[in-house]
Structure formats: C-alpha cells, structure tokens
Amino acid sequence: GGPLVSVVLSVRDPGPELLTAVDSIVAQTYAHWQLLLIDDGSGPTADAVLAEAARRDPRIHLVRHAESAGPYVRRNDALAAVEGEYVTFHDGDDWSHPRRLERQLAPLLSDDPPLATLCASLRVTDRLEAVHGRGRGLRLTESSLMMRRVDAVERIGYFDAVRRAADSGYRLRLETQGAVRLVD
C-alpha cells in the first residue's frame with residue numbers, strides 16, 4: 001500500500017559495494033518502491049556486478065548507457081522516466097537504514113507536507129567504525145533527498161548538468177521554495 005516511491009541510483013564502474021547499497025533498498029520496511037539502477041557508461045568489468053544487482057529484486061530496473069554523461073544528467077533522465085509519485089536518490093556506496101523510505105515519506109503524506117525530506121548519515125568503515133577525517137557526528141546526506149517528483153520539477157526544474165555537487169545546489173533551490181525537513 002501507499003504511493004510508489006522511485007529510488008534512483010546512478011553508478012559508473014561500480015564494485016561489490018553496489019550490492020550492499022541495493023540490498024539496503026531491498027530490505028526497506030516500506031515495500032511499495034521501484035529502484036531505477038542507472039549505469040552511466042561503465043566498462044565491461046562492471047557487467048557482472050550490475051547484472052547481480054538487478055537480479056536482487058523484480059522491482060529493480062537496470063538502464064545502461066554506453067557513454068558517461070555524469071550522475072546529475074542521469075538523475076535528470078530518471079526524473080523524467082520514473083513512475084513514482086515520490087522520488088529519492090541513493091548512492092552506489094551507501095547503506096540505508098531499513099526504515100529510511102518509511103520515515104522520509106511520512107512527513108510528505110502529512111496534512112502540512114514539506115516540499116522534500118532529507119536524512120542524516122554517519123560515515124563509517126567496512127567494520128562500521130566512524131571515520132575520523134570527516135568527524136564522528138551525523139551529517140546531512142544530500143543523496144537522501146525525497147520529494148514529490150512533479151511538484152519539485154515544476155517549481156525547481158532539474159539538476160544542474162555538472163559532474164559534482166549538483167545535489168547540494170538542488171537542495172538549496174528547494175529550500176528557497178519551501179520547507180525541506182530533516183527526518184531523524
């Protein structure tokens with residue numbers, strides 16, 4: 001039940017960490033999702049991990065591109081193609097808590113919904129130890145942005161077609177248009 005949430009994950013030349021990222025979406029308590037796994041021009045060395053990731057669940061749709069255009073061009077492609085009323089993003093080296101989608105969607109379905117929600121993250125090693133170089137505290141996670149797709153595109157447009165940091169710029173543009181709520 002509930003509205004469809006489209007999760008967009010764009011990768012280029014992913015390694016085995018992609019399977020952890022995909023498995024964390026498959027394990028979500030909110031079950032009405034689709035994962036659009038977009039390959040941004042990876043070479044043949046990524047074939048096996050991409051195929052394995054796509055086999056993890058029938059709600060995963062793999063789209064491969066022969067040439068790299070960058071993650072934000074691919075996110076723009078996805079915003080135009082996904083079916084979900086709500087859309088969020090996920091990076092190929094991230095792990096999401098099993099209740100992430102459920103918790104982020106709840107405020108968007110409230111009587112006074114924000115334009116978008118975000119969550120915080122903690123950078124850790126493979127052994128789940130906090131990484132010291134970036135601090136031990138929680139940080140805003142730009143890739144966790146969840147929004148009502150049509151409203152956001154009508155009010156903000158698409159991501160800037162650059163190779164880095166367009167997610168921060170997009171969040172700031174959303175904040176100028178209304179509330180962006182951090183979900184704990």
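Q: If contact means heavy atoms within 4.5 Å, what percentage of the contacts in the protein between residues at least 6 apart in sequence join residues at least 24 apart?
A: The structure is a predicted model, and its secondary structure comes to 6 helices and 7 strands. Among the contacts between residues at least 6 apart in sequence, the share that joins residues at least 24 apart is 74%.

Q: Which pattern does the protein follow when it is read along the sequence?
A: The protein has 6 helices, written α, and 7 strands, written β. Taken in sequence order, these elements give the pattern β-α-β-α-β-α-β-α-β-β-α-α-β.

Q: Which element supplies the largest share of the largest nonpolar core?
A: The largest nonpolar core has 23 residues, and Val5, Leu9, Leu18 and Leu37 are those with the most contacts inside it. At least two residues of this core come from each of strand E1 (5-11), helix H1 (17-26), strand E2 (33-40), helix H2 (47-55) and helix H4 (100-108). The largest share amounts to 5 residues, and the element that supplies it is H1.

Q: How many residues does the second, separate core have?
A: In soluble globular proteins, nonpolar side chains tend to be buried together. Besides the largest core of 23 residues, this protein has a second, separate core that includes Phe89, Ala152, Ile156 and Val180, and its number of residues is 22.

Q: Does Gln34 count as buried or exposed?
A: Gln34 has its place in strand E2, and its side chain makes a polar contact with the side chain of Ser6 at 2.5 Å. Leaving aside residues up to four places away in sequence, Gln34 touches several residues, including Leu4, Val7, Arg59, His61 and Val82. Because its relative accessibility is 8% and the cut-off for this class is under 20%, Gln34 counts as buried.

Q: How is helix H5 oriented to helix H6, roughly parallel or roughly perpendicular?
A: The axes of helix H5 (residues 149-156) and helix H6 (residues 166-177) come within 10 Å and cross at roughly 90 degrees. Angles of 65 to 115 degrees fall in one class, so the orientation of H5 to H6 is roughly perpendicular.

Q: How many residues of the contact of H5 with H6 are nonpolar?
A: On the side of H5 the contact is made by Ala152, Val153, Arg155 and Ile156, while H6 brings Tyr170, Arg173, Leu174 and Gln177. Of these residues, 2 are charged and 1 is polar, and the number that are nonpolar is 5.

How values were computed
Residues are numbered from 1 along each chain as its sequence is written. This is a predicted model: local features need pLDDT of at least 70, side-chain atom pairs count only at pLDDT 80 or more; totals for chains, interfaces and linings use all residues. Side-chain values use heavy atoms; hydrogens and water are left out. A nonpolar core is a set of buried Ala, Val, Leu, Ile, Met, Phe, Trp, Tyr and Cys residues joined through side-chain atoms within 4.5 Å. Buried means under 20% relative accessible area, exposed over 50%, partly exposed in between (1.4 Å probe, protein chains only). Helices (H or I, at least four residues) and strands (E, at least two) are DSSP runs, numbered from the N terminus. A polar contact is a pair of N or O atoms within 3.5 Å; within protein, one must be able to donate a hydrogen and the other to accept it, and residues adjacent in sequence count only if both atoms are side-chain atoms. Contact means heavy atoms within 4.5 Å. Axes are lines fitted to C-alpha atoms, for helices over the stretch in contact, and angles run from 0 to 180 degrees between N-to-C directions. Angles under 35 degrees count as roughly parallel, over 145 as roughly antiparallel, 65 to 115 as roughly perpendicular and the rest as oblique. Ala, Val, Leu, Ile, Met, Phe, Trp, Tyr, Cys and Pro count as nonpolar, Asp, Glu, Lys and Arg as charged, and the others, Gly among them, as polar.
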